[in-house]
Structure formats: structure tokens, C-alpha cells
Amino acid sequence: SKATYDFIIFCALSEERNAYEYTDCNVGESRIIKGLDCVEIDVGESKGLCIVPPRMGLVNMAITATKAIEYFQPKLVAISGICAGVQGSSNYLDVIVGNPCWEYEVGKRTEEKFKIEPYQISIDDDIQTELKKLSENNEILKYIKQDLYDQPLKNSIIKIAPIASGAAVVADKKVMDSILEQHRKLSGIEMEMSAVYSSARNSLSKPKFFGVKTVVDLGDTNKNDDYHETGCILSARFVVGYLKEYL
């Protein structure tokens, strides 16, 4: 018989999953279920799992998410963690709900240029309405920043904006600028969100889904780990805030 859960949260890295220790949820034991690296998480009466794939990246996340969704049949799927922000569109420690999301490396490379062939996936309208209401709630903003003291938190915000996914870590402004041409409102770049969206959208059980990531660098040569822990906590708290309010 299959074990079913109310929700599944995916994280690309263990440090992103460890951030749930700093949220209003009960974090249980680490278990291997059907070959998946799982930690049980309870939010109120809802029971779920937080799963990390064997390695970061689109392929590993797509395989892990597809297996988990088909086996556990969750009502809701989410992904949290950290991302690179787009200068001019986002700032350090902004919390971005990805809508729409797509893989920015799909297309054709010619001698002249790279011709993008984007397949964007959007969050369902009812979930987007709930996320918009939550993102505009000042109490949620205070909650996710509680007991965190990094300087950029003074002006950081929660917003719903486009996020693009790719197979490599970006630390080059020229590459960032080329990706920005794909959507004028692009705010974040990361490596797994579109895989989770695709797995959820194409699954037989059709769970609701969304992703949220915190900006910890601007994808240039100044890339470092200074805000990783805080960024992981901010996005994890937002996910838990949503689960408490709407699941």
C-alpha cells in the first residue's frame, strides 16, 4: 500500500531543508522511503515530507519529484531555497514566489545567437491568489524575518515574479543579461524550480504547486555564501506560513 501525505516540500540542498528547524513546524526523523531522502514534517494537522535529491540540478530534481509525487500523492507540492537575483529587478534577501517559471537553456544555438524556445509554467490562479494575499500581509513579512539581523533585511520584500531555471550556477553578468532578454520582469535564476513545476503539472494526481526562493547573490563575480543561511530560513518560513493558512 502507498503512504500518502498532505504535502511534499523539495529542497535542492541539505542546508535548505535544515532551515525548517527554524520554522513553526515539527521536524521529525530522517528516513529513506522508496530510495528517497525524506524528513517528516508536521504543520498543524497536516503531515508531509521534505525531500532532497541525490544531487542538485534539473535532472535529479525532476526524477526525484516525479517519483515522490506519484508515490505519495500529495495535495500540494512546494520547493524552497535560495537563488540568484537579477540586478535592477530584485535585491539581496528578497523572497520571490516563482510565477511563471521556465528552463532558460531550451532552444537552438546558431552562429549568430542563441534562440530561446521557452515553455513557461504558471501557478494555478487560485493558488496565485492565495500567495498574493499572503505576500502582501505585513505580519507574514515580520514572521519570516523574526530573529534574523542581516542588513539587507531592512528593505527586503516578498513578491511574485518570474524565475528561470538552468543546469549551471551563474556567476557572470553577461550570462545574466542574456537570460534577462527572455522576460523583462525576470527576477531570479536558479537550478530546480521548473523541474518541480513540470513534475507536478504532468503528474496523474495533479497536485497544487508553487516555489519560493530567496535572493542571496546577483549572479556576478561577487557571488558568495554570506546570506545562504538567512535566505534558506526566509523561504522555508514562507512555505510554512502558506501551509498553516491555506492547506
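Trainee: Before we start, what should I keep in mind about the model?

Mentor: This is a predicted model in which local features need pLDDT of at least 70 and side-chain atom pairs count only at pLDDT 80 or more, while totals for chains, interfaces and linings use all residues. Residues are numbered from 1 along each chain as its sequence is written, and side-chain values use heavy atoms, with hydrogens and water left out.

Trainee: OK, at what angle do H2 and H6 cross?

Mentor: The axes of H2 (residues 58–72) and H6 (residues 193–202) cross at roughly 30 degrees and come within 8 Å. H2 is therefore roughly parallel to H6, a label for angles under 35 degrees.

Trainee: And which residues of H2 meet H6?

Mentor: With contact taken as heavy atoms within 4.5 Å, Leu58, Met61, Ala62, Ala65, Thr66 and Ile69 of H2 meet Ser194, Ala195, Val196, Ser199 and Ala200 of H6. Sorted by class, this contact of H2 with H6 has 8 nonpolar, 3 polar and no charged residues.

Trainee: Switching topic, how many disulfides are there?

Mentor: The count is 0 disulfides, where a disulfide is a pair of cysteine sulfur atoms within 2.5 Å. Cys83 is in none, and the nearest cysteine sulfur, that of Cys101, is 10 Å away.

Trainee: Is Cys232 buried or exposed?

Mentor: Cys232 counts as buried because its relative accessibility is 2%, and buried means under 20% relative accessible area with a 1.4 Å probe and protein chains only. Cys83, at 4% relative accessibility, also counts as buried.

Note on methods: Axes are lines fitted to C-alpha atoms, for helices over the stretch in contact, and angles run from 0 to 180 degrees between N-to-C directions. Helices (H or I, at least four residues) and strands (E, at least two) are DSSP runs, numbered from the N terminus. Angles under 35 degrees count as roughly parallel, over 145 as roughly antiparallel, 65 to 115 as roughly perpendicular and the rest as oblique. Ala, Val, Leu, Ile, Met, Phe, Trp, Tyr, Cys and Pro count as nonpolar, Asp, Glu, Lys and Arg as charged, and the others, Gly among them, as polar. Buried means under 20% relative accessible area, exposed over 50%, partly exposed in between (1.4 Å probe, protein chains only).
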